[in-house]
Amino acid sequence: MNIPTNKKDFNVLKIEKLEIWIPKKSQIDKALSLFLPEKLDPSKLISIIERSVCWVLNVEKVQLKELKIGGLKIYSFNENISLELYEDSFAQKEYRNIIRNIEKLKNKDFLFFDCGANIGVYILKLKDKFPNLQSICFEPDPLSFLVLIANSLINNLSNLTLINAALSDKTDSKKMYGEVNNIHADSRGNSLVEEWGDRENCGSIIVRAVALSDFINNRSYIKIDVEGEELNIIKNLEKFGKLRKVEGLHIEVHTTIKDKIDKYLEIQKILSNNGFEITFNEEKEFEQYLSNNLKKWKKQMSARIFTIEAIKKKFI
């Protein structure tokens, strides 16, 4: 897979059929250098990931749990979250819309970007339907990224690059807020945006952030679920003329009462000005997946999520 961008800040590993980008001198970089052998024995993969997580958290023991669903093996530290991720991603009609849009493009040479991959549930299901789809996943949370590696390898994914980085409007080190460095945590709301990720009993860590525009040089389809940073990503793509190369997008727009501009309307305006037709546009109900603590935060911040599907007008 050709990704013409600067790799100087990353160590790039080739494991089985995957390419894995890890920020140099990061916790994951140090952990995998200790526990990952030159030749991987697949039967020892889960043990290697568990030992790496133990090293990152400085704990004696952790255990990944397996969930078998839809013909997939999904590992995580919390089976309930895995199930919720699966149901949230694939019981919703927006997933069917993405499948329909990719079907329209399947005879084209394009690259799929999963921005905010978490533990990999979304890309697992998508690659199950389109196994040869060339894809790049971004996930900044260290623990989620280690599990993403495990899930990708256990399910024998190929044509896939995994990058341990957040996405923003420029390459830099940034603070990520949320439930971090805890295997019992729910990383789904972790964010570069303080208002979205800084909740009760949460903390922060420093992560590597990159600009998506640096990676887009060919036809692309993009799924963006980055907990509040989506407008900066879209503006970055427009600034460098990269929306011309994008055929379709699935975007979750996250808003709170502290937003200074209407991100939802601003994103729609940018897409319309760049030749996209909005094919799906709806507020997403997500309270059923929240803990009581998060429900309290949602009410205080008037947090809302809107889903936007857009595709170039020539494919309508």
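The model is predicted, so local features need pLDDT of at least 70, side-chain atom pairs count only at pLDDT 80 or more, and totals for chains, interfaces and linings use all residues. Residues are numbered from 1 along each chain as its sequence is written, and side-chain values use heavy atoms, with hydrogens and water left out.

**Stop 1: the hairpin**

Select residues 10-15, strand β1, together with residues 18-23, strand β2; the two pair in the antiparallel sense over six bridges. Strands (E, at least two residues) and helices (H or I, at least four) are DSSP runs, numbered from the N terminus, and two strands pair if DSSP finds at least two bridges between them. Pick Asn11 and then Ile22, its bridge partner in β2. Two residues lie between β1 and β2 in this hairpin, and Glu16 in the turn has a positive phi of about 55 degrees.

**Stop 2: salt bridges**

A salt bridge here is a side-chain nitrogen of Lys or Arg within 4 Å of a carboxyl oxygen of Asp or Glu. The count by this rule is ten.

Select Lys223 and Asp114, whose side chains form a salt bridge at 2.6 Å, N to O. Lys223 is in strand β11 (residues 220-224) and Asp114 in strand β5 (residues 111-115), 109 residues apart, so the pair links distant parts of the chain. For accessibility, buried means under 20% relative accessible area, exposed over 50%, and partly exposed in between (1.4 Å probe, protein chains only). Lys223 is buried at 5%, and Asp114 is buried at 0%.

Move to Arg304 and Glu283, a salt bridge with its closest N and O atoms 2.8 Å apart. Arg304 belongs to strand β14 (residues 304-312) and Glu283 to strand β13 (residues 276-284), so the pair ties together parts 21 residues apart in sequence. Arg304 is partly exposed, with a relative accessible area of 37%; Glu283 is partly exposed, also with 37%.

Between Asp9 and Lys8 the closest N and O atoms are 3.3 Å apart. Lys8 is exposed at 53%, while Asp9 is partly exposed at 23%.

**Stop 3: Leu126**

Select Leu126 in helix α5 (residues 121-129). Leu126 is buried, with 0% relative accessibility. Show its contacts (heavy atoms within 4.5 Å): leaving aside residues up to four places away in sequence, Leu126 touches Tyr95, Ile99, Ile102, Phe112 and Leu133. To set a distance label, pick the C-alpha atoms of Leu126 and Lys298, which are 30 Å apart and 172 residues apart along the chain.

**Stop 4: a cavity**

A cavity is a set of points, on a 1 Å grid over the protein atoms alone, where a 1.4 Å probe fits but cannot get out; lining residues have an atom within 4 Å of a point. Grid points are joined across faces, edges and corners, and a volume is the space filled by probe spheres set on the points.

The structure holds four cavities of 30 Å³ or more. To find it, select Ile119, Ser144, Ile183, Ala185 and Ser187, the closest to its centre of the 21 residues that line it. Then colour α3 (79-90) and α6 (142-154), each of which supplies at least two residues of this lining. The lining of the second largest cavity divides into nine nonpolar, eight polar and four charged residues. Here Ala, Val, Leu, Ile, Met, Phe, Trp, Tyr, Cys and Pro count as nonpolar, Asp, Glu, Lys and Arg as charged, and the others, Gly among them, as polar.

Terms used
On a 1 Å grid over the protein atoms alone, a cavity is a set of points where a 1.4 Å probe fits but cannot get out, and a pocket is an open set with protein on both sides within 12 Å along at least five of seven lines; lining residues have an atom within 4 Å of a point.
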